[in-house]
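Thanks for asking me to look this one over. My notes are below, point by point, so please have the model open beside them.

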Amino acid sequence: MAFFRTQERTKERFSLLLLDLEEYYFEQHTAYHVTNGSKKEKKIRGSFKVCSKSIIFDPEDLAEPILKIPLRDCKKIEFVEKDNNPFSEPKPPAICITCEQVIFIKESNVIAPYRNERGAKKMTFQLEVWGKTEDVVQTLLQLHRASCLEKLGDQTAMIAANLQSRLARSSFDKNCFQSVAEKPHMECAVEMVMPLVSNPGHVCITDENLYFQPLNGYPEHVIQIKLHEVRRIYKRRHGLRPLGLEVFCTENDFCSDIYLKFYNTADRDEIYYYIATFLENHMMEHTAESYMLQWQRGHLSNYQYLLHLNNLADRSCNDLSQYPVFPWVITDYASSQLDLTNACTFRDLSKPVGALNKERLDRLLARYRGMPEPRFMYGSHYSSPGYVLFYLVRVAPQHMLCLQNGRYDQADRMFNSISETWKNCLEGATDFKELIPEFYGDESNFLENRLNLDLGRRQNGKLVGDVVLPPWASDAGDFLQKHRTALESQYVSEHLHEWIDLVFGFKQRGSEAVAAHNVFHPLTYEGGIDCDSIEDTDQRIAMLTQILEFGQTPTQLFTSPHPQRIMPRFQNITRSPSFSSPISELSPVSQSEDSSFEDLTEESRKLAWTNMGSLTLISSHKIHKEAVTGIAVTRDGSSIFSTSQDSTLKMFSKELKDFQRSMSFSNMALSSCLMLSDGKTVVCSSWDNNVYFYSVPYGRRQDTLMGHDDAVSQMCWFDDRLYTASWDSTVKVWQCAANTSSHKRFQFELLAELEHDAGVNTVGVNPAGTLLVSGCKDGTISIWDTSSYETLQQVHCHSGTIHNSAFSPDSRHVLSVGADSSMKVTDVQTGMVISSVKMEEQRCFCWDGNSVLFGGQSGDLLLWDLLSNTVTKRIPAHSGPVTAMWMSELCTTVITGGEDRQILFWKLQS
C-alpha cells in the first residue's frame, strides 16, 4: 500500500511511531539492560535510544518487550562509576534511572495496545562502549530538565535548541555521494516527514542526486533520489507554514518518494527551483486548470483528476492532517445487485455530507443561527488524522497506537462495516467524514484483518475482524472494483464538478459556502488564524495542535463554478439539467438522420488532426503587395479568395495555379473575407467602415453595407445572419435577405448592436449558431447568446489586444491569442480560464479542442497539444508573421497568408 512506502525502508522492530507526537529520536547506543534476578544478574542486549521526551530500549531478543521510559516520569537519572575493586570482577559504569512508569511495547513481538506499569522502579543500563556513559547521562539530564518545565512552550523551545545544536555540530557526509564527480549545489538542515512523525537530518543536492541523511542514522544511513527520475515536485504547507517540499518519481501514485520540511522558506524554494530544472516539462508548472482541461476532455479519469487536485491543494499521504480526500459516491449498501444506471444509487454530490440528511441539517442550522460569531455549521471536519486511521487501522495499527497513546479505539467505534459507517455519516450528530483514495484503489488489505490484530470485542460478542461489505460485493477486491466503476460512472462524471465546488472550489468559503451549508470551524481554513501572531507560546502550540488534530480544509483551487465534464453520446440518467440556456444544449451530437455520415466525417477529422504534424507545403504564391488579412474558398475548392492591407480582393484559380481577378473597393485596407454558403458571394470587411458583397458570377461589387463608425475588423456568417465586429466598440447583427426584384441584391436589417468597452478585433460563432464570441483590444473575451443577444460571460483574460478567438467544435471552450504573447482557453459554461500559457506571440489558428495549429510572429506554424501544453511540431512557413489561416472541413488542406505577402498551400501527407 502506497501509505507505507516510507515505512518499508527498514524491517527492524523499532519505529519512530513508538515516540510521542512531536518527539524526536536523537541517538542510539548498544547497551545491556541489567536486571537482578533471585540467583544472579541478567543482562539483555539491545539498543538504548535517546529521544527528546523518552528513553527507549529495544532488545535484540524478540521475545522481550520494548521498554519506553517517559523522561517526565523519571525521578533520578544517575551516572554510576565503574567498580575497580581488585578482588572482584570489574563492573562497567552504568546509567541508573529511578522512575514512576515504564511502558511495555510489542510484548511477545505482537503489535498490541501498550501495557503501562506504574509505581517506583529502578532501571539499570550499561553501554557497550563504556567511555560514552557519562556524556549520555548529561544529555539525558538536560532533556529531563526540559520535560519537567511547567510551560509546554518552554519545553518545546529547549528541545528545539538541543536539536538545532546537534544539526549545527554535524553536516552531510559527502563520502555517501554515488560518484566522485558529483558537484554539490546546496546543503541544509531539514526534517523528513512521514505520517505522524518527522526525522531531522541534512539534505544535500548535487548535479545528479538528492540525498537525505538522518541525524540518527534511522531508518538507513542515507536516502538517495536520482534527479533525472523525478517526475513531480510540490511546495507544501506544513504545520500551517510554507516549509514543505514533496518529491514524486511517479506520475500517478499519490504517495511520494520523500517529503521534506525545511526550517526556512528560502532554503525550500531554492531546492524546489533547482530540482525543477531537471524535470522534462520544467517550463510548464501543472495547474488545476491544465488538469481540468484534460479531465473535461476525457484524458484523465475521475480518480486521477481528484488525486491531482488533492496534490495541488496541499493534501499529502505523509501528512494525516491533510490526507487526500475523496467523496462518498454510493448510497446503496443494502441491495444484492449494484445498479449504476439508477440515479438513486448515487449520493447527491452537490451537498456536503452534513447536508445530506435534512432532519439533521435543520437541527444544525438552528444551532448555527443562535451561535455568536464566528459561526460554523459543523463541529467536526470531513477529514482528520483520526478519520484516516479509522479507515486504515488494519494496515496501520502502529499509527493508531501512536495517535491514541498506545490504545485502539473502543471496539464498537471501529471501522466495522461499510453500511454502518455510511449510516453514521448520514445520521450521527458529529460525523461528517468523507472517504480516502484507498476506497478507489486496488489494494484491499485495509478492509481485511490480515495481521490478525486483536482489535477488541464488540457489545454483540463478536471480535473485530474484516470489514463487513455490502451484499453486492463478493469480497474486498470485488467491492473496490465496483466502487471504482461507480466513481467513473456517467452519473458521477456528470456531477463530480459539484463536489469539487464544495471541497476545492468557490463554495468552500464565503456566502456561497453558507448557501451550500458548507461552513466548518474557522480554524480549519487556510489563513483562518495566524499562529505566529499569538505571543503566548503555550497558547500558540495548543492552537496549532488543535488545528492539526481537528483536520484542515484543502487549499482553495477555484473561485468560480467548476465546469462540468463533457460526456458526449451518452444516455442521460440525470434527474434534470441544472443550467438551462444555450450552453446546456452544447452537445456535439446533433441527432440528424444522416448520423452515420456525420460519424464518418468526425472520424476523418480526428484522423487528420492526429496526422497534422505531416502537413506539407504544396505551393506558394506572392499575389499581394501588403500583408494578407483573410482567406475564403469556394465549396468545391476550385477558387480561393484573399484580402490584403493593399486594399484588394484577389481570386486565385487552383486548377490554373494563378490568380485570375483583382478587385478594389476603396483605397483602404481590407481586413477579412468570407464565402457565403451559395458559393457565389464573397463578403469583405474594410478599414473604411464598410462591408462589401462581391458577386463571383458577375465579377463585380454587388452591394455595400455602411454599418459602422470605425474600421470593420472581422465578420462571421450563420443562416442569413452577418455578424460584423468593429473598432467602434460594437458587434452588429444583420439579417441579410436576398432581394428577388433586382439582381439578387441583399436587403439588410439591423437585428442587434452588441456594445463593448473597447474596439472589437475578432468575432466568431459556434458550429450550432447559438453562441457568439468577441475579442476586444482591452483583452476582454465576451460570449453572447445569439437568440437573446445577452452576455453570458465576460472575461478579461488578456493584458493586450486579442488577435483571434474561436469556439472548439463541441462549443465547450473558447481559445484566444493576444498581443500579450499568451494563449487562453476559457470554459464557456462557467467563464473560467482553464488554461493559460505564455508563448511566442500567435496571430491566427485553427483547432479541434485538443490540438491547435498556430500561425505566429515568427512565421512558423506551431502544432500545439493543449493537454500536455507542449509544441509537438514546428513547421517553417512564412518569412514574417502569419496573419491569416483557412482549414478545409475535413481538416486535410490548410492555406496560410502572411506579412510577407505570400499565400501558402498545405496538404496532409497520407
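1. Some ground rules. This is a predicted model, in which local features need pLDDT of at least 70 and side-chain atom pairs count only at pLDDT 80 or more, while totals for chains, interfaces and linings use all residues. Residues are numbered from 1 along each chain as its sequence is written, and side-chain values use heavy atoms, leaving out hydrogens and water.

2. The sheet. Four strands make an open, antiparallel sheet in the order β32-β33-β34-β35 (strands are DSSP E runs of at least two residues, helices H or I runs of at least four, numbered from the N terminus; two strands pair if DSSP finds at least two bridges between them). Because β32 (802–807) and β35 each have a single partner strand, one side of each is left without a neighbour in the sheet. From one strand to the next, the twist averages 15° (axes are lines fitted to C-alpha atoms, for helices over the stretch in contact, with angles from 0 to 180 degrees between N-to-C directions).

3. Strand β33. Its pairing with β32 is antiparallel over five bridges, with G818 as the bridge partner of I802. With β34, β33 also pairs in the antiparallel sense over five bridges, and there L815 stands opposite V825.

4. The turns. Five residues separate β32 and β33 in their hairpin, where S811 has a positive phi near 65°. The hairpin of β33 and β34 has three residues between the strands, and S821 in that turn has a positive phi of about 55°.

5. Helix α4. This helix (residues 288–296) has eight of its nine residues buried, including Y291, M292 and W295. α4 lies across β33, β34 and β35, at about 120° to β35. Its buried residues pack against those strands and also β12 (232–238), α5 (302–312) and α11 (490–503) (contact means heavy atoms within 4.5 Å). After α4 comes G298, with a positive phi near 85°.

6. Which helix gives the most to the lining of the second largest pocket? That is α2, with eight residues. Others supplying at least two residues include β8 (184–194) and α13 (537–550).

Key
Buried < 20%, exposed > 50% of the residue type's maximum accessible area, 1.4 Å probe, protein only.
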